[in-house]
Every structure is written in C-alpha cells, then in structure tokens.
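Dear colleague,

With this message I hand over a structure for your attention. Please look at it first; an account of what was found follows.

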Amino acid sequence: MAILEVVLLTVGSIFLLLFLAGLFVLHKYNVIYQFFHPVTAVFAADAVARMTGTIGAAVVTAGPGLTNTITAVKNAQMAESPVLLMGGAAVTLLKGRGALQDIDQMSLFRPLCKYCAAAQTVRDIVPILKEAINIAQSDTPGPVFVEFPIDVLYDYQNVVIGMGMNSPKGGFMSKVVNMYTDTHIGNIFAGAFEKRDYSPLPVHRPMASPSQVQQAVELISRAKKPVIVLGSQATLPPTPVDELRKALEAMGIPCFLGGMTRGMLGRNSPLHIRQKRRDALKEADVVILGGAVPDFRLNYGRVLSRRSKIIAVNRNKNQLLLNAGVMWNPTLAVQADVGSFLVEVSKGVAGYSCSQDWIQTLRARDAEKETANLKKAEDKVNHFLNPLKVLYQVEEVMDEESIIVADGGDFVGSAAYILRPRGPLKWLDPGAFGTLGVGGGFALGAKLCRPDCEVWIIYGDGTLGYSVAEFDTFNRHKIPVIAVVGNDACWTQIVRDQEKMFHTRVACDLTFCDYDKVAEGYGGTGYKLSEETAEDIKATFMKAKEDCKNGKPALVNCLIGKTDFREGSLSV
C-alpha cells in the first residue's frame, strides 16, 4: 500500500484522537503510538524519516498541541528530515470567533515548514497530502504542515449535529442560519466519496551534471592527501546507504563522519578517521565536503586550508556556500544529491590509490588519541564514577546491531568520542540545532524501524527530564529500550566555561536524583551505579540488556564525577 493511502486511512480512523496529547504514525507498520508530549511525537517522526528515507508523520491536537511541537519541527527543518505534521483546528465556521484552541496556526509554521495548507473540505484531503508529501521529500527535504478543521474530519451526521442543525424549530433567522450552515456543510462534503488517485507524485532531487562529476574526478585523481567529510545529507535517498558505503570503500579515501553518517563504514574501518580532524583538514590537498557544512561544527570554515582544493556538495545552495568567500572558498561547488554524486565520482576514479603514508599518518594519530582516552578513563575523579569508564563499558557490551540515540550535552559529547556505531543509520543525534529532549521520540522511532536491534539512549541528567515520562510510553506499547544517564547533578557543558568567564555556577547545579526509581515508577526497570558499585558496571549493563530482551525498558542511573576530557569545547 502506498504511503499516502496508509496515512489517510490512519487519519480517517483516528480523528477523535486529535484531542489527545500526541500521536506518532508510521506508514510502514500502520500503527499508532500515543505519547505524553506532542513534541515527542514529532521527534519520533523525525527519527523514522531519517532511518527509512520516507515520510515520518505525527498527528497532534490543535492550539497548544501544535505550539508544543515547534522545537521539534524546527529541529527537523535544520536536520533536513521529511516530516509530515498534521494538526487539528477549530470548526471552519468558528475560525477567528474565539473557539477552543483557535489560533493562527499557519503563521506559526510557515517560517518552519516547506509547505503549509489547510484542508477546508473533504475533497481537499488527498491532493493536499499528496502535494505535502512530495514537497517534504523533494530538493532539500524538510517538514510540512497540514491543518484539519474538526468538521472536515468528522462524518456528515456528526457535523450536522455538532452545528446544532438537528432541531427544525426556530424563527426566521434560525432558518436562515440553518440554511447557510447546511450549504456550508454541503460544500465540505461535496465530492467526498469520489474516487481519488492516491499514487505519489514524483520526488525531485537535484543531481550533478557529468561535467561536475568529471571535474571532481580530475581533482581527486591528482590528490596525494585527500579527505572526505560527510554530513547527514549523504544518507538521503535515492542512494541506499550500503551503496554509498561501497563507493567510499572503493575510493579508499580517509573519511570523517558526522551526524547520521556516523557508522557509515562500520565499527573498525581503516578508512574511518575519528580523531584530530582539524589537523587533517589543514594538511589535506583535497577536501570533499559531502553534505558537511562550514558552520560552527567546522569553525565557520576556519579549519579549512586555503591551500586545499575543496569540493563542496550540498542540495541546499545556502548551506553549500555558507561562509564562503570570507573563511573559505570552494574549488568546485555542486548543488546536488551527495550520495548519488559520490557514487558517480567513485566510478570515475576507479583504480585511484590514495597515499598509504597519508592514511597511516591519520591512523597513527587516531591510535594515539584513542590510547590517551583509554588512559584518561582510568583517572580518579572527584567522586563517584569516571564517565569515560562508564562509556567504555557501554561500548563493550553493545550488540553489533545496536542503535545509539544521543540526547545531552557533556556526557553525550564524550560518548561521541568513545562509542562506535556499528553500521549505517545506527547513530541518531539532533543535528545542527543541538536540541535537547530528542531521546524518547528518537528511541521509539528507531525501535519501531529496527525492532530486532537494541536501542541505547545516552542521556545527560539535565536532558533526561525532557522525555523521561516517555518510559510510560515504552512500557505501555512494549517498546524495550536501554537508557544510560550520566548523572553529575549539573549542566556541565555550560558551567565549565561559565565558571571561568563569570566566576559563578548560577543556574547550573542540579541534584543527584534517583532517576532509576522514576523509570520503575513508569513501569520500567531501574539500576543505580556509583563508586560503591563500580565493579558492577558491566554486570549492570548486562542486566539492562536482559530486561530489554524480556520486553522491559531499562534505565541505568550512573552517578559520575568531573573530568577535563572536553575542556574548552564550548560551541557558539
């Protein structure tokens, strides 16, 4: 069944649920999940979109239900995720007259979405959703919003009753109002049962020209020290991630992987360079920015050497040339699909061999940094557990089919250095917006897409509060996940620099809460790790894995101390 058909069937059968907190709809499995918070529904839809390459859909109630999703919609926009948000609205005749939850929802979502529309009649639903789904996936993907007034969702008889037309009594004015209302309702349902074309519209994706591919091939063919920097956009359709992976391995060029491309080359690929990216970029003679953007993550382009030949590829022209001419200059700028471009380039450079000395230099730096990290994991901390030691234990016990969801600041920043995603599409983080609170929704979306995989949420203690209530959702819908909380009772990523700059910790300290008991209260299992149980770290994680296999969500509350591992890592 086509995606549009399933979305419509779902909406048509659950319109009453628009008044609940929020729903997550996934077409592939034709299922519905109800969350505590509407924002989590959109985060889940975002995760589904990233992992499947198709539409993730969320349905929420009008007014506050929709305003509560704004952060997640903006996150999807910046992460370039094709998300369909469907929201309720007041009865069409009562718009602007003070109805419950009636606000100008379109004005809120137009700056965030590629497309916004309201289905004013039943016959509008199919063409509007077809267009919305098409636009969400075309060019640079992003979120779209469709508003459904109540009277468009209910059946004819209930709408008539709801409009107060079931009584024939009344004076002349009442009859005039009834006549007007009857005409209005008739228009809403006119053509409602005519046969519709549900087939999806063709998705447009920008592709590189043969001459652009050839230019890139010539630049790479002459390179001695090339480097590829991949961003999440490289995982977008139409190129399957496994096909892109083969292309990267065929080229043999060392790669730095970010966002959704983490794990693209597997856990221990000799081409995946994890450490000292800044040094490599300064020395490289050719740099391919495949969906990677010279924003704060690349120090606004300052890390790129003006001596390097830079090939930039991005679907979005603004992102393609961000900060160009000021901090860096592309030798070749290609507005095109990243995955398709790299596959074509790999064919053109067949037989090319990157300098093995260059690869060995980068690998040696990697090994040096990894050794230093392992040593730092054994350092004594001020109290409780060394966070790096905790993360290395997580890395050791994770299954090969594990999916990692990153939701936090300092603890998650450390995890990005320690944890190794096992394969493509097995790392989920918010993306460029740096949104806190994605954990619950991302985890459920990931588990639904890959039901046989372990899903691990790496939480900071600050960000856990955003979605810990979704442990009830996990338990209620039998969605077992494992949450690891780095609990240092502080917004550590903030306080580290705040204290140096302003000599105060104001608004940064938290408390060592019993998050394990919170998880138990929501129906999951909870474990606490501290210095008294330091010898049981691995055993505790194994217990959490066993709970997961038995269908129970588990949370491990890890009390951790301070380290200087990420000193000076503030991003602005």
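A salt bridge is counted here where a side-chain nitrogen of Lys or Arg comes within 4 Å of a carboxyl oxygen of Asp or Glu. Please bear in mind that the model is a predicted one.

**Salt bridges**

How many salt bridges does the rule give? The count comes to 28.

One of them joins Glu395 to Arg267, at 2.8 Å from N to O. This pair links distant parts of the chain, for the two residues are 128 residues apart. Glu395 belongs to helix H16, which covers residues 387-397, whereas Arg267 sits in the loop between strand E8 (255-257) and helix H12 (277-283). Is Glu395 buried or exposed? With a relative accessible area of 7%, Glu395 is buried, because buried means under 20%. Arg267, at 23%, is partly exposed. Both residues also take part in a network of salt bridges, in which Arg267, Glu395, Glu400 and Arg422 are linked.

A further salt bridge is formed by Lys562 and Asp488, whose closest N and O atoms are 3.7 Å apart. Lys562 is partly exposed, with a relative accessible area of 31%, while Asp488 counts as buried at 9%.

**Backbone features in loops**

Which peptide bond is cis? The bond from Pro237 to Pro238 is cis, and its omega is near 15°. Pro238 is placed in the loop between strand E7 (226-230) and helix H11 (241-251).

Tyr300 has a phi near 60°, a positive value in a residue other than glycine. Tyr300 is located in the loop between strand E9 (286-290) and strand E10 (309-314), and its relative accessibility of 28% makes it partly exposed.

Ala507 also has a positive phi, of about 65°, although it is not a glycine. The loop that holds Ala507 runs between helix H21 (492-502) and helix H22 (515-521). Is Ala507 buried or exposed? Ala507 is exposed, because its relative accessible area is 70% and exposed means over 50%.

**Surroundings of Tyr115**

Tyr115 is in strand E5, which consists of residues 115-118. With a relative accessible area of 13%, Tyr115 is buried. Which residues are in contact with Tyr115, its neighbours within four places in sequence left aside? They are Ile128, Glu131, Ala132, Ile135, Pro143, Val144 and Phe145. Of this group, Val144 is 29 residues away from Tyr115 in sequence, yet their C-alpha atoms are 4.9 Å apart in space.

**An annotated span**

An unreviewed UniProt entry carries the annotation "domain: Thiamine pyrophosphate enzyme central" for residues 213-343. In the model, the end C-alpha atoms of residues 213-343 lie 10 Å apart. The span is 28% helix and 18% strand.

Yours sincerely

Technical notes. Residues are numbered from 1 along each chain as its sequence is written. This is a predicted model: local features need pLDDT of at least 70, side-chain atom pairs count only at pLDDT 80 or more; totals for chains, interfaces and linings use all residues. Side-chain values use heavy atoms; hydrogens and water are left out. Helices (H or I, at least four residues) and strands (E, at least two) are DSSP runs, numbered from the N terminus. Buried means under 20% relative accessible area, exposed over 50%, partly exposed in between (1.4 Å probe, protein chains only). UniProt positions are given in the numbering used here, feature names are shortened, and annotations may be inferred rather than shown by experiment. Contact means heavy atoms within 4.5 Å.
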